[in-house]
Amino acid sequence: MTTPAPSVDERLAALEARLGAAEDRLAIYQVIATYGPTVDTVSPDGVTSIWLEDGVYDSGGYMPMAGAQAIRDMLFAPTHQALIERGCAHIMSMPHVTLSGDTAVALGYSCLFARTDGSWVTERVSSNRWELVRTPAGWRVSQRVNRQLEATEESRALLRVP
Amino acid sequence: MTTPAPSVDERLAALEARLGAAEDRLAIYQVIATYGPTVDTVSPDGVTSIWLEDGVYDSGGYMPMAGAQAIRDMLFAPTHQALIERGCAHIMSMPHVTLSGDTAVALGYSCLFARTDGSWVTERVSSNRWELVRTPAGWRVSQRVNRQLEATEESRALLRVP
Amino acid sequence: MTTPAPSVDERLAALEARLGAAEDRLAIYQVIATYGPTVDTVSPDGVTSIWLEDGVYDSGGYMPMAGAQAIRDMLFAPTHQALIERGCAHIMSMPHVTLSGDTAVALGYSCLFARTDGSWVTERVSSNRWELVRTPAGWRVSQRVNRQLEATEESRALLRVP
């Protein structure tokens with residue numbers, strides 16, 4: 001006894017679901033690949049475009065930045081401006097992505113390189129946990145937490161695959 | 001004379017094949033993006049989940065690790081534990097992927113950064129050749145070979161695009 | 001009043017367009033992931049395979065390399081050969097990609113690591129703007145411009161998200 005062949009409608013529905021998941025992964029890659037270019041060019045609208053309006057960025061050592069205005073302000077704060085004046089690159093790794101319907105978690109690394117006296121210094125290497133949500137305008141970050149990987153359980157915990 | 005328009009069945013079959021190839025690429029990215037987070041969190045089940053049960057990891061300077069138990073043991077060996085105690089990040093680059101039916105080859109780089117006296121040291125930069133196979137449970141690594149890029153033909157050979 | 005359900009033909013056409021865009025993104029990732037392995041193995045056919053025959057690579061500090069022969073020659077020039085003799089890795093980051101029909105722009109970072117006295121030195125960290133075009137043989141680079149991120153507006157401008 002053979003299984004009946006799937007109908008055209010069943011094949012279309014399966015394709016639509018599978019393609020949606022592939023598009024979700026690519027969209028999340030794109031969100032994460034937007035961070036570096038927008039912070040390194042001091043582009044506030046670009047940086048905030050990847051977060052929810054009330055999204056959070058908790059980078060450790062400070063109060064978490066809550067909401068678009070706080071994230072925007074970070075670009076003009078002395079710490080970030082000093083990096084820009086030296087020359088800097090915020091480079092995100094290709095992340096591990098777990099999709100769960102309308103939310104997703106992406107895990108990966110960020111490296112911050114900055115110039116000092118004509119050489120490159122690896123300023124920070126951090127673990128990152130990005131929580132994302134699907135919105136009508138596309139995937140947005142609800143919360144990004146990162147911590148420098150300084151042999152602390154807190155920094156490692158962010159990288160635990162769900 | 002015009003070519004007859006493809007039938008619905010032909011269009012569905014073409015979409016299914018093309019989508020399958022795109023999904024394969026994304027699945028292989030995900031496999032490779034799993035390595036860093038699982039070794040840097042000392043997660044033996046996570047690390048071995050990306051290899052075949054009898055898969056091989058040949059990282060040079062040692063006997064190749066053959067099989068899940070050997071790869072698991074690596075996490076608890078003094079070399080890896082010393083990195084964890086310093087703070088470390090194993091970062092894989094976005095790979096070049098060549099699909100061949102139920103097998104694939106992915107080529108890329110791995111960087112190992114570790115803390116020393118409050119600074120980041122680039123401990124290793126290596127070429128990587130990942131051989132993968134499609135299994136009922138998804139893509140798995142049959143063999144990963146990497147070598148530090150120390151101006152040797154052996155290390156460069158791993159990166160030759162097929 | 002309900003919207004009529006889309007026809008089979010409409011669903012197929014929508015899938016074909018969406019899948020095409022996903023494939024374009026993956027193909028552009030693959031183009032960019034080809035650069036490092038081909039230059040670090042001194043593979044002239046591999047490197048030139050990602051550019052148009054008359055494509056340009058403008059890496060700053062030199063005349064832009066215009067055309068396949070100039071890009072090929074770069075591999076055998078003293079600067080590149082000296083890197084190969086030290087041991088080197090040209091690592092491209094996962095890029096931000098903007099598709100516009102038959103052209104695309106990819107923005108990202110490149111890091112050049114090279115060996116010196118048994119240690120790794122971060123030789124260059126650069127911003128990259130890749131302009132690509134769709135050809136019958138796949139996506140090809142019409143122009144790549146990169147600049148070391150030395151706190152210059154020229155280097156930052158390359159990373160502005162379109």
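The largest nonpolar core of this predicted model comprises 78 residues, and those with the most contacts inside it are Tyr35(A), Tyr35(B) and Tyr35(C). A nonpolar core is taken as a set of buried Ala, Val, Leu, Ile, Met, Phe, Trp, Tyr and Cys residues joined through side-chain atoms within 4.5 Å, where buried denotes under 20% relative accessible area, exposed over 50% and partly exposed in between (1.4 Å probe, protein chains only). Apart from this core lies another, of 29 residues, which includes Val105(C), Leu107(C), Cys111(C) and Trp120(C). With neighbours within four places in sequence left aside, Tyr35(B) is in contact with Val47(B), Ile50(B), Trp51(B), Tyr57(B), Met74(B), His90(B), Met92(B), Trp130(B) and Arg144(B); contact means heavy atoms within 4.5 Å.

Chain A contains 5 helices and 7 strands, arranged along the sequence as α-α-β-β-α-α-β-β-β-β-β-α. Helices (H or I, at least four residues) and strands (E, at least two) are DSSP runs, numbered from the N terminus. The C-alpha atoms of chain A fill a box of roughly 75 × 35 × 30 Å along the principal axes. Of its 162 residues, 55% count as buried. Among the contacts in chain A with a separation of 6 or more, 52% are between residues 24 or more positions apart.

Between them, chain B and chain A bury about 2700 Å², with 66% of this area on carbon and sulfur atoms; buried area is the accessible area (1.4 Å probe) that two parts lose on being put together, summed over both. Leu26(B), Gln30(B) and Trp120(B) supply 23% of the area that chain B buries against chain A, more than any other three residues. The contact involves 36 residues from chain B and 30 residues from chain A.

Across this interface, 4 salt bridges are found (a side-chain nitrogen of Lys or Arg within 4 Å of a carboxyl oxygen of Asp or Glu). One salt bridge joins the side chains of Glu16(B) and Arg11(A), at 2.9 Å from N to O. On the side of chain B that touches chain A, the elements giving two or more residues are helix H1 (8-40), helix H4 (78-86), strand S3 (88-92), strand S5 (103-116) and strand S6 (119-135) of chain B. The largest share, 19 residues, comes from H1(B).

Residues are numbered from 1 along each chain as its sequence is written, with chains lettered from A and ligands numbered from 1 in the order in which they are written. Local features need pLDDT of at least 70 and side-chain atom pairs count only at pLDDT 80 or more, whereas totals for chains, interfaces and linings use all residues; side-chain values use heavy atoms, with hydrogens and water left out.
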